[in-house]
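Here is a short briefing to read alongside the model. Take a moment to look over the fold, and then follow the helices one topic at a time.

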Amino acid sequence: MFEQDEFWMRKAIETATAAGNLNEVPVGACLIDNQRELLAIAGNRTITTSDPTAHAEILVLREAAALIGNYRLTETVLYTTIEPCTMCAGALVNARIKRLVFGAHDERFGAVESVYQICNTSSLNHKIEITSGVLAEDCRRLMQEFFKGKRRKAKG
């Protein structure tokens, strides 16, 4: 784990919290360049935008690619609060990010270490350096509290 990992993960957690306050699943992501400068930051917006692809990771990749004018985001690090799903993991490989740092594992849908290993399979043309478990308990708690609240509301 690098010195800056907790700093950037806290930024992702702040963004995830803001997404949760908008009734979105509380996932946050940020992308930094090799100078440790923030390129993009976003929380989930699938509900707000009625867009099933508006996961935090995808939004960050889109914004950063537009900013630099290239879909290849080499020499970047993506921080996200939860292990990416298959869609997001595939997009990270296609964007050729250098490193992925995530907080909590997603035992049901995680496509980086838990269920699939998309980001470092030898079957694809790019492998990503992976660091998992950064502020994992904070990230896990955010998700658990969000869904606990949803269940409580559903019971009436």
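Helices, as named here, are DSSP runs of H or I with at least four residues, numbered from the N terminus. By that naming, helix α5 is followed by Gly 156, whose phi is positive, near 90°. Please keep in mind that this is a predicted model. The points below go through two helix pairs, the helices themselves and a few single residues.

**Helices α3 and α4**

- Helix α3 covers residues 56–68 and helix α4 covers residues 86–95; the two pack with their axes 9 Å apart, at an angle of about 25°.
- Angles under 35 degrees count as roughly parallel, so α3 is roughly parallel to α4.
- The crossing of this pair, α3 and α4, is left-handed.
- On the α3 side the contact is made by Glu 57, Ile 58 and Leu 61, and on the α4 side by Met 87, Cys 88, Ala 91, Leu 92 and Ala 95.
- By type, the residues of the contact of α3 with α4 are 7 nonpolar, no polar and 1 charged.

**Helix α3 on its own**

- With 13 residues, α3 reaches 19 Å from its first C-alpha to its last, close to the 18 Å expected at 1.5 Å a residue.
- The buried residues in α3 are Ala 56, Glu 57, Ile 58, Leu 59, Val 60, Leu 61, Ala 64 and Ala 65.
- Their cover includes the strands β1 (28–32), β2 (38–43) and β3 (77–82), along with helix α4.
- After α3 comes Gly 69, with a positive phi near 75°.

**Helix α5 on its own**

- Helix α5 runs over residues 136–155, which is 20 residues, and reaches 29 Å from first C-alpha to last, close to the 28 Å expected at 1.5 Å a residue.
- Buried in α5 are Ala 136, Cys 139, Leu 142, Met 143, Phe 146 and Gly 149.
- As background for reading such a list, an α-helix has 3.6 residues a turn, so residues three or four places apart point the same way.
- These buried residues of α5 pack against α1 (5–21), β3 and β4 (99–104).

**Helices α1 and α5**

- The axes of α1 and α5 are 11 Å apart, and the helices pack at an angle of about 5°.
- The pair α1 and α5 is therefore roughly parallel.
- From α1, the contact draws on Met 9, Arg 10, Ile 13, Ala 16, Thr 17 and Gly 20; from α5, it draws on Asp 138, Cys 139, Leu 142 and Phe 146.
- By type, the residues of the contact of α1 with α5 are 6 nonpolar, 2 polar and 2 charged.

**A residue of α1: Thr 15**

- Thr 15 sits in helix α1 and, at 17% relative accessibility, counts as buried.
- Setting aside neighbours within four places in sequence, Thr 15 is in contact with Gly 28, Ile 41, Ala 42 and Gly 43.

**Positive phi outside glycine**

- Ser 50 is not a glycine, yet its phi is positive, at about 50°.
- Ser 50 lies in the loop between α2 (46–49) and α3, and its relative accessibility of 66% makes it count as exposed.
- Leu 135, also a residue other than glycine, has a positive phi near 50°.
- Leu 135 is in the loop between β5 (129–132) and α5, and is buried, with a relative accessible area of 15%.

Key: Residues numbered from 1 in each chain as written. Predicted model: local features only at pLDDT ≥ 70, side-chain atom pairs only at ≥ 80, totals over all residues. Heavy atoms only, no water. Axes fitted to C-alpha atoms, helices over the stretch in contact; angles between N-to-C directions. Parallel < 35°, antiparallel > 145°, perpendicular 65-115°, else oblique. Left-handed = near helix turned anticlockwise from the far one by under 90°. Contact = heavy atoms within 4.5 Å. Nonpolar A, V, L, I, M, F, W, Y, C, P; charged D, E, K, R; others polar. Expected span 1.5 Å × (residues − 1). Buried < 20%, exposed > 50% of the residue type's maximum accessible area, 1.4 Å probe, protein only.
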